[in-house]
Amino acid sequence: MRRLVRETVLEPSDFVLPLFVCPGEGVRREIGAMPGNYQLSIDELVKECQEAQSLALGGVILFGIPESKDETASGAYDEHGIVQEAVRALKREVPELLVITDVCNCEYTSHGHCGKIVDGDVDNDATLEWLASGAVSHAKAGADIVAPSDMMDGRVAAIRGALDEAGFSNTPILSYAAKYASVFYGPFREAAESAPQFGDRRSYQMDPANVREAIREISLDVHEGADIIMVKPAMPYLDVIRAACERFQLPVAAYQVSGEFSMIVAAAQNGWLDRERAMMESLTSIRRAGAEIILTYFAKDAARFLGA
Ligand code: PBG
């Protein structure tokens, strides 16, 4: 009877699994603060994605850890960069799997910021060019969706324009439209080796105290041509997800970020929480708030749970 009257139902296809790809072969390096998540070389990534496909996940989103980082984030838009090569391999080996690429510079800059540094600060407009060529290089490699996560103003329009010009007018943009300057990204920065070397990201990410500002940020992205909008993190921002759903007639995604995952896993390891129930309750609440798409490190486990 409960099933008959249940308002919120989850399916494996609601989930997108974030994956970290690194150079080398046979590499499967566990991320300390994110048990069960790995830095994967392309061959291992392919195996992981075959599993994702067999679990009928909605897709994967790729983050790259380049061989070397520099001032100009050259790995981010190199046609033969780590993510670009990974996408090519996936489209060859697991062609049916939906592949989203994260478009950002922080994993590729020596200073760990998401953009070009001019006079000690991130220069918004100078960064747009890197983002646009990064997105085009991903689309060329075969990415199904590009997902800018940098929070520079005007990047959706810049990326849309560059994609169209390069012949990728059918490649959608999933924009990290309301991305907060959150402490919950901590474990990710270990995973992606992208902690800023000075300062923080508060000049380009949002103040956790604001929800009306999120609506303004999202509507800018919508007008610039975003196809899917995302709120990030998820659980501390359920009200923002709800507001976005009510306001915009576009699919809404939410990112259950690394810290949200690690908190649950750590508590479970200590015997303080039931891992499975905490996982499903958190995902249900994000879906109930209105998100159609959930990016989560629990994607495989949750899909297995639902199939069980
Ligand atoms: C890149 C990016 C970050 C995350 C996704 N894309 C890190 C950041 O902004 O510092 C965080 C994801 C997570 O914590 O799981 N800009």
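# Exercises on pockets and cavities

The largest pocket draws most on α11, which gives 3 residues to its lining. This is a predicted model, in which local features need pLDDT of at least 70 and side-chain atom pairs count only at pLDDT 80 or more, while totals for chains, interfaces and linings use all residues. Residues are numbered from 1 along each chain as its sequence is written, and side-chain values use heavy atoms, with hydrogens and water left out.

**Terms.** On a 1 Å grid over the protein atoms alone, a cavity is a set of points where a 1.4 Å probe fits but cannot get out; a pocket is an open set with protein on both sides within 12 Å along at least five of seven lines; lining residues have an atom within 4 Å of a point. Grid points are joined across faces, edges and corners, and a volume is the space filled by probe spheres set on the points. Helices (H or I, at least four residues) and strands (E, at least two) are DSSP runs numbered from the N terminus. Ala, Val, Leu, Ile, Met, Phe, Trp, Tyr, Cys and Pro count as nonpolar, Asp, Glu, Lys and Arg as charged, and the others, Gly among them, as polar.

**Exercise 1.** Describe the lining of the largest pocket.

Step 1. The volume of the largest pocket is about 310 Å³.
Step 2. Its lining consists of Arg6, Thr8, Val9, Leu10, Met280, Glu281, Thr284, Phe305 and Leu306.
Step 3. At least two of the lining residues come from each of α11 (275-289) and α12 (299-307).
Step 4. Sorted by class, the lining holds 5 nonpolar, 2 polar and 2 charged residues.

**Exercise 2.** Find the elements that each supply at least two residues to the lining of the second largest pocket.

Step 1. The second largest pocket holds about 180 Å³ of space.
Step 2. It is lined by 15 residues, and Pro66, Glu67, Ser68, Gly81 and Ile82 are the closest to its centre.
Step 3. The classes are 5 nonpolar, 5 polar and 5 charged.

**Exercise 3.** How many cavities of 30 Å³ or more does a search of the whole structure find, and what lines the second largest cavity?

Step 1. The search finds 2.
Step 2. The second largest cavity has a volume of about 40 Å³.
Step 3. Ala76, Asp102, Val103, Cys104, Asn105, Tyr108, Trp130, Leu131, Gly134 and His138 line the second largest cavity.
Step 4. Two or more of these residues come from each of β5 (99-103) and α5 (124-141), and α5 gives the most, with 4.
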